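Have the viewer open as you read.

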Amino acid sequence: MTTQDKTGISRVSFEDLTRIVAERAKADPSVSYTAKLMAKGVEVVAKKLGEEGVELALAAVAGPKERVIAETADLLYHLAVLLAAREVTLAEVEAELAARTGRTGLAEKASRPTD
Ligand SMILES: N=c1c2ncn([C@@H]3O[C@H](COP(=O)(O)OP(=O)(O)OP(=O)(O)O)[C@@H](O)[C@H]3O)c2ncn1[C@@H]1O[C@H](COP(=O)(O)O)[C@@H](O)[C@H]1O
């Protein structure tokens, strides 16, 4: 699920991360942080997501770019865990995003050839 771009940099997409998290949620909590966190229940998962959000906000205001990147990765991971805990699929979120894009008409503009 890790891919490499043209410059050889390894990447994991958010979509792939949600798949990894969904898979690890079924693992033994003694070997998987994901399974251990999910076993604590949605309240703990939600609290963790809130903490990571605050950490990213603080880094954005006063931290170096590397810290913002690291805190964003933490936030995205914990968001993936929260979605798994609430059995929300990324496809459902993407459909909501598409509906919003449709409301602004930007989807039509993006696909229309330039004048
Ligand atoms: N992306 C992540 C990821 N980001 C952060 N973390 C963990 O999130 C935890 C939270 O960081 P904290 O500094 O708050 O740590 P902590 O105080 O020990 O955590 P708590 O006791 O408060 O829960 C750390 O233990 C990190 O290891 C992650 N754990 C897992 N993943 C991904 O999930 C996959 C599966 O992981 P396992 O479930 O552990 O197999 C991995 O291959 C990764 O791709």
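Which residues make up the largest nonpolar core?

## The core

It's a set of 10 residues: Val-21, Leu-37, Met-38, Val-45, Leu-49, Tyr-77, Ala-80, Val-81, Ala-84 and Ala-85. H2, helix H3 (42–62) and H4 are the elements that give two or more residues to this core, and H4 has the largest share, with five. A nonpolar core here means buried Ala, Val, Leu, Ile, Met, Phe, Trp, Tyr and Cys residues joined through C-beta atoms within 7 Å. Helices are DSSP runs of H or I with at least four residues, numbered from the N terminus.

## Ground rules

Bear in mind that this is a predicted model: local features need pLDDT of at least 70, side-chain atom pairs count only at pLDDT 80 or more, and totals for chains, interfaces and linings use all residues. Residue numbers start from 1 along each chain as its sequence is written.

## Around the ligand

The ligand's shell consists of Ile-20, Val-21, Arg-24, Ser-32, Tyr-33, Thr-34, Ala-35, Leu-37, Asp-74 and Tyr-77 (C-beta atom, placed from the backbone, within 6 Å of the ligand).

By type, the shell splits into six nonpolar, two polar and two charged residues (nonpolar: Ala, Val, Leu, Ile, Met, Phe, Trp, Tyr, Cys and Pro; charged: Asp, Glu, Lys and Arg; polar: the others, Gly among them).

## Out at Glu-15

Glu-15 sits in helix H1. Glu-15 counts as exposed because it has 12 C-beta neighbours inside 10 Å; the cut-offs are 12 or fewer for exposed, 20 or more for buried, and partly exposed in between, with C-beta atoms placed from the backbone. The C-alpha atoms of Glu-15 and Leu-49 are 18 Å apart, with the two residues 34 apart along the chain.
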